[in-house]
Amino acid sequence: MATHTASPKVFITGASSGLGEALTRHYAAEGAILGLVGRRGDKLADLAATLPHPHAVHCYALDVRDAVALRAAAEDFMSRHGTPDIVIANAGISHGVNTEDPADLPHFASVMDTNWMAMVATFSPFVGPMRAVKRGALVGIGSVAGVRGLPGHGAYSASKAAAMTYLESLRVELRADKVAVVTIAPGYIRTPMTDGNPFPMPFLMDAGKFARKAASAIARRKRFVVLPWQMGVVACLLKCLPRWLYDMAFAKAPRKPRMADRQKAADDTQAASKTDTDPS
């Protein structure tokens, strides 16, 4: 068993559920010292209590869109343990959106702020220290959805495309400083985010398997990896499609439900349930 002084130091955002939780559990099993960021302190605490070495876990309850709070968390973690070996900007959200509806404009903004701008804010406190020691890996979670603009997913596709382009820029910027920048583009992974998708999800991967393969790619300092690999083939094919053919093929593609539509469906279900059970 590795001692804490030899353990990897890993800072993860969006750690309390989905891909973040799976990555947290993977690195915890390796004896890592962890800095975990999530919006809900209770969920972070519950997660930390189930890990092998809870005393090596530091939880930071905050919204990643709060760059000041995010920097404070990063600085606190570094004051305790020094420069981390791995920083994973994983926090992300997804909403179905409709440009025509002004009620969806805040959803466009929140998706972009969470999936792209918060990634920049996550890395910002660590770049200087990593450059100083000439080591470390900055890992960003992109998505196959960022390869082409998917109908109904305009906010999510745009945010992930921005994130992956940003990560490429950063990778080249930090190359001379021996700081790795790793882009991981998931396809369909079984998480709470995908549970609500009302359409087929080819090559659906378990979150635990995703975490193992992602950690392997990070350890090898891969520049870009798509998981599962089959979705990498799909991504390449999508990228190569001429625009006219892409437009024709995806014009009637299934769309992620908008928040307003999900709320209406929930209200209708609740009303139907009341009608079925209430004789009045």
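Figure 1. With a relative accessibility of 12%, S110 counts as buried, where buried means under 20% relative accessible area, exposed means over 50% and partly exposed lies in between (1.4 Å probe, protein chains only). S110 is part of helix α4; helices (H or I, at least four residues) and strands (E, at least two) are DSSP runs, numbered from the N terminus. When neighbours within four places in sequence are left aside, the residues in contact with S110 are R65, I93 and H95, contact being defined as heavy atoms within 4.5 Å. The model is predicted, so that local features need pLDDT of at least 70 and side-chain atom pairs count only at pLDDT 80 or more, while totals for chains, interfaces and linings use all residues. Residues are numbered from 1 along each chain as its sequence is written, and side-chain values use heavy atoms, with hydrogens and water left out.

**Figure 2. The protein chain as a whole.** The protein chain holds 10 helices and nine strands, and buried residues make up 46% of its 280 residues. Of the contacts in the protein chain with a separation of 6 or more, 69% are between residues 24 or more positions apart.

**Figure 3. The open sheet of seven strands.** Seven strands, in the order β3-β2-β1-β4-β5-β6-β9, form an open sheet in which the pairing is parallel; two strands pair if DSSP finds at least two bridges between them. Strands of a sheet pair through backbone hydrogen bonds, either parallel or antiparallel. Here β3 (57-61) and β9 (224-227) stand at the edges with a single partner strand each, so one side of each is left without a neighbour in the sheet. From one strand to the next, the twist averages 15°.

**Figure 4. Strand β2 and its two partners.** In β2 (residues 33-38), six of six residues are buried. Both faces of β2 are covered, with I33, G35 and V37 buried on one side and L34, L36 and G38 buried on the other. Five bridges join β2 to β3, and these two strands run parallel; L34 stands opposite V57 in β3, and G38 stands opposite A61 in β3. The chain passes from β2 through helix α2 (residues 41-49) to β3 in a β-α-β crossover that is right-handed, a term used if, with the strands pointing away from the viewer, the path from the first strand over the helix to the second runs clockwise. β1 and β2 also pair in the parallel sense over five bridges, and I12 has L36 in β2 as its bridge partner. Together, β1, α1 and β2 make a right-handed β-α-β unit.

Figure 5. Strand β5 (residues 137-141) and strand β6 (residues 180-186) run parallel and are joined by five bridges, and G140 stands opposite T183 in β6. Helix α4 (residues 105-133) packs on the sheet, where α4 touches β1 (9-13), β4 (86-89) and β5, and the direction of α4 makes about 170° with that of β5; such angles run from 0 to 180 degrees between N-to-C directions, and axes are lines fitted to C-alpha atoms, for helices over the stretch in contact. L167 lies in helix α5 (residues 154-174) and is buried, with a relative accessible area of 0%. Apart from its neighbours within four places in sequence, L167 is in contact with M119, F123, G140, V181 and T183. The C-alpha atoms of L167 and R223 are separated by 9.4 Å, although these residues are 56 residues apart along the chain.

**Figure 6. Packing of helix α1 against helix α7.** Helix α1 (residues 18-29) and helix α7 (residues 207-219) pack at an angle of about 65°, and their axes are 8 Å apart. Residues L19, A22, L23, H26 and Y27 of α1 make the contact with A207, G208, F210, A211, R212, A214, A215 and I218 of α7. By class, this contact of α1 with α7 has 10 nonpolar, two polar and one charged residues, where Ala, Val, Leu, Ile, Met, Phe, Trp, Tyr, Cys and Pro count as nonpolar, Asp, Glu, Lys and Arg as charged, and the others, Gly among them, as polar.
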